[in-house]
Amino acid sequence: MKTTANVQTSQNSSRKNKVFLALGSNLGDRDALLDAAEALIGRRVGKIVAKSSRFENPAAGFKSDNDFLNEAIEVATVLSPQSLLSEINGIERCLGRERKSMACEYHDRTMDIDIIYYGDAIINEPQLVVPHPRMAERMFVLQPLNEIAPGFVHPLLHRTSSELLASLQSG
């Protein structure tokens, strides 16, 4: 099923969409890689409106001796969701990211950028699902997201970032 709601899809439109991205790195100079990702996002995606502190977290979904450094950013963009995905995939590659294996196993990476929210859009396509389907289960997403958007309401779960974080912390 494909659902898209309240999405401005024209790249030539002057309408800015509020997008929240989660960034993470667990290889190399993590701070420098996150700085580089922010700079590239600012040039290729849109204006960074807000950014969280950086949080150190153990790897999730796989074993690694390398902890992640994670942050969340809010970006104002005119890009469509699909164009946004293409740009962030390009930024990941530019920063040395190698995609998951064919078995979809997670592994260490220099850069990981996920679309958490695209405004209040609900998108369910083969290559793009928004809101991010596992964000409510991930402390490394909710902690930084709550710092910059505590009152933002998840369009499917109808709960704010702070409510989702509190539920995960108590659960």
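Mentor: Ile113 counts as buried because its relative accessibility is 3%, and the cut-off for buried is under 20%. The model is a predicted one, so the description rests on computed values. Ile113 belongs to strand 5, which spans residues 112–118.

Leaving aside residues up to four places away in sequence, the contacts of Ile113 are Leu21, Ala22, Leu23, Ile41, Ile88, Ile91 and Glu92. Glu92 stands 21 residues from Ile113 along the chain, with 7.0 Å between the two C-alpha atoms.

Helix 2 is the next part to follow. Its 14 residues reach 20 Å from the first C-alpha to the last, close to the 20 Å expected at 1.5 Å a residue. The buried residues in helix 2 are Pro81, Ser83, Leu84, Leu85, Ile88, Gly90, Ile91 and Glu92; Ile88, Ile91 and Glu92 are also among the residues that Ile113 touches. Just after helix 2 comes Gly96, with a positive phi of about 95 degrees.

The crossing of helix 1 past helix 2 is right-handed. On the helix 1 side the contact is made by Ala37, Leu40, Ile41 and Arg44, and on the helix 2 side by Glu87, Gly90, Ile91 and Cys94. By class, the residues of this contact are five nonpolar, one polar and two charged. Ile41 and Ile91 take part in this helix contact, and both also touch Ile113.

As for the setting, the chain holds four helices and seven strands, in the order β-α-β-β-β-α-β-β-β-α-α from the N terminus. Of its 171 residues, 48% are buried, and Ile113 is one of the buried residues. Among contacts between residues at least 6 apart in sequence, 67% join residues at least 24 apart. The accessible surface of the chain is about 8600 Å², with 49% of that belonging to carbon and sulfur atoms.

Notes:
Residues are numbered from 1 along each chain as its sequence is written. This is a predicted model: local features need pLDDT of at least 70, side-chain atom pairs count only at pLDDT 80 or more; totals for chains, interfaces and linings use all residues. Side-chain values use heavy atoms; hydrogens and water are left out. A crossing is left-handed if the near helix is turned anticlockwise from the far one by less than a right angle, and right-handed if clockwise. Helices (H or I, at least four residues) and strands (E, at least two) are DSSP runs, numbered from the N terminus. Contact means heavy atoms within 4.5 Å. Ala, Val, Leu, Ile, Met, Phe, Trp, Tyr, Cys and Pro count as nonpolar, Asp, Glu, Lys and Arg as charged, and the others, Gly among them, as polar. The expected span of a helix is 1.5 Å times one less than its number of residues. Buried means under 20% relative accessible area, exposed over 50%, partly exposed in between (1.4 Å probe, protein chains only). Accessible areas come from the Shrake-Rupley method with a 1.4 Å probe; for residues, only the protein chains shown count as cover.
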